[in-house]
Structures are given as C-alpha cells and as structure tokens.
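The tour goes from the whole chain to single residues.

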Amino acid sequence: AGYEDVLMATMTLSGEGGEVVVELDPPVLVMSQRLSVGRTYHRTVSVTNRSQGPTVLRWEEFPDVLYQAVKVIPQTLSLQPMERREVKVEVAPKRVGPLEASLACEVENGSRLAFALYTQVSGPLLKLQEANLDFALMRVGDKARRTLTITNVCDVMARWHLSLEEEEGTG
C-alpha cells in the first residue's frame with residue numbers, strides 16, 4: 001500500500017500592481033503674510049498615501065547656502081496604505097525680496113513629488129510719526145527742540161541712525 005499523489009484542485013493566482021500615489025494638500029504653499037529676515041516660520045501640509053501599499057517619503061532640503069532655508073519636518077516619513085499625516089514646512093528667510101522654493105520628495109515605489117513655496121520677505125521697517133518737523137520762523141542764534149517718534153513696525157530688530165544734512169547755501 002503505497003501512496004499516490006492525487007491532484008485535488010488547481011488554482012490560478014493573478015494580481016495587479018501599480019505605483020504608489022501620494023497627494024500633497026496644498027501642493028503649492030503661498031504665504032500671504034510678509035515674512036521677516038531672521039525669523040523662522042512654520043506651516044502645515046498634509047500628505048496622503050492613496051495607494052494599497054505602504055511607502056516612505058524623503059524630502060530634499062533646500063540648501064541653506066542659497067540665502068533662504070526651507071525644509072520639511074520630518075524629512076523622512078513612512079505612510080501606511082490610505083494614511084494621511086501632517087508635515088511641517090519650516091521657512092527661515094535670510095534675504096529681503098521674493099522667496100520661491102521648490103522641494104522635491106522621493107516616493108518609494110512611486111513618482112517623485114514637488115512642493116512649491118511662494119512668499120515675500122521684508123527687512124526691518126521703521127515708521128516716522130511726524131513726517132515733517134516745523135521749526136517755524138527762527139532768528140540766528142535761536143534754539144528750538146521738537147520730538148520725533150520713530151517706531152519699529154516689524155517683528156525683527158531694526159538698526160538705524162539719524163544724521164543732519166545741510167542744504168547748499170546754509171551753514
């Protein structure tokens with residue numbers, strides 16, 4: 001009584017796969033607030049894995065040497081299928097003017113993403129309360145004193161100095 005192999009069932013396995021799809025919300029971050037040089041700002045962006053498989057995201061860091069520092073925190077993030085997480089975008093402007101940055105994100109088993117940031121950067125800003133100082137009619141040798149109010153209207157330290165310039169023909 002030997003044993004004999006018998007075919008009991010036949011199975012056909014088939015499957016379909018695809019790229020991991022990750023969405024950014026918003027894909028473009030426009031910071032309408034004017035940023036100040038020397039300060040650090042944070043905004044939140046959502047990332048969602050719209051796929052049936054897990055993935056890992058790796059954000060590039062906008063090089064600090066290029067006058068502006070922009071990075072995504074955390075720089076590496078694992079996402080399970082259909083998982084949504086928030087990441088922090090950190091902006092530390094170092095130069096006055098428009099700031100436009102594009103950060104690439106490598107998506108494991110998916111297409112590379114790009115995230116864009118647009119904003120304006122301001123430097124120190126002073127406001128003179130009295131636009132004109134009127135000393136009225138004065139005689140030679142008279143002295144007069146007026147108060148001038150200077151206000152720093154930005155959120156960074158402002159360094160300034162006053163100087164007296166004489167017009168030609170005076171003095």
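This is a predicted model: local features need pLDDT of at least 70, side-chain atom pairs count only at pLDDT 80 or more; totals for chains, interfaces and linings use all residues.

Zoom out to see the overall dimensions. Along the principal axes, the C-alpha atoms fill a box of roughly 135 × 25 × 20 Å. The radius of gyration of the protein chain is 31 Å, whereas a compact globule of 171 residues would have one near 16 Å.

Switch to a cartoon view. How many helices and how many strands does the protein chain have? There are zero helices and 11 strands. Read from the N terminus on, the order of elements is β-β-β-β-β-β-β-β-β-β-β. Of the contacts between residues at least 6 apart in sequence, 65% join residues at least 24 apart.

Next, colour the charged residues. The protein chain has 18 positive and 23 negative charges.

**Paired strands**

Select residues 22-25, strand β1, together with residues 41-49, strand β3. The two pair in the antiparallel sense over four bridges. Within this pairing, find Asp25, which stands opposite Ser46 in β3.

**A buried serine**

Select Ser122, which belongs to strand β9 (residues 113-122). Is Ser122 buried or exposed? Ser122 is buried, because its relative accessible area is 16%, and the cut-off for buried is under 20%. Then show what surrounds it. Leaving aside neighbours within four places in sequence, Ser122 is in contact with Arg34, Leu35, Ser36, Val37 and Val96.

Most residues other than glycine have a negative phi, and most peptide bonds are trans. The next stops are exceptions.

Return to Asp25 and step to Pro26. The peptide bond from Asp25 to Pro26 is cis, with omega near 0 degrees. Pro26 sits in the loop between β1 and β2 (28-36). Another cis bond runs from Ile73 to Pro74, again with omega near 0 degrees. Pro74 is in the loop between β5 (68-73) and β6 (76-79).

Now go to Met82, in the loop between β6 and β7. Met82 is not a glycine, yet its phi is positive, near 65 degrees. Met82 counts as partly exposed because its relative accessibility is 46%.

Move on to Asn109, in the loop between β8 (97-107) and β9. Asn109 has a positive phi of about 65 degrees, although it is not a glycine. With a relative accessible area of 56%, Asn109 is exposed.

**Last stop**

Select Val140. Where is it found? Val140 lies in the loop between β10 (126-128) and β11 (150-152). Its relative accessibility is 88%, so Val140 counts as exposed. Finally, draw a distance from the C-alpha atom of Val140 to that of Thr12. These residues are 128 residues apart along the chain, and their C-alpha atoms are separated by 109 Å.

Definitions and conventions
Residues are numbered from 1 along each chain as its sequence is written. Side-chain values use heavy atoms; hydrogens and water are left out. The radius of gyration is taken over C-alpha atoms; the globule rule is 2.2 Å times the number of residues to the power 0.38. Contact means heavy atoms within 4.5 Å. Lys and Arg count as positive and Asp and Glu as negative; His and the chain ends are not counted. The place of a charge is taken as NZ of Lys, CZ of Arg, CG of Asp or CD of Glu. Buried means under 20% relative accessible area, exposed over 50%, partly exposed in between (1.4 Å probe, protein chains only). Two strands pair if DSSP finds at least two bridges between them.
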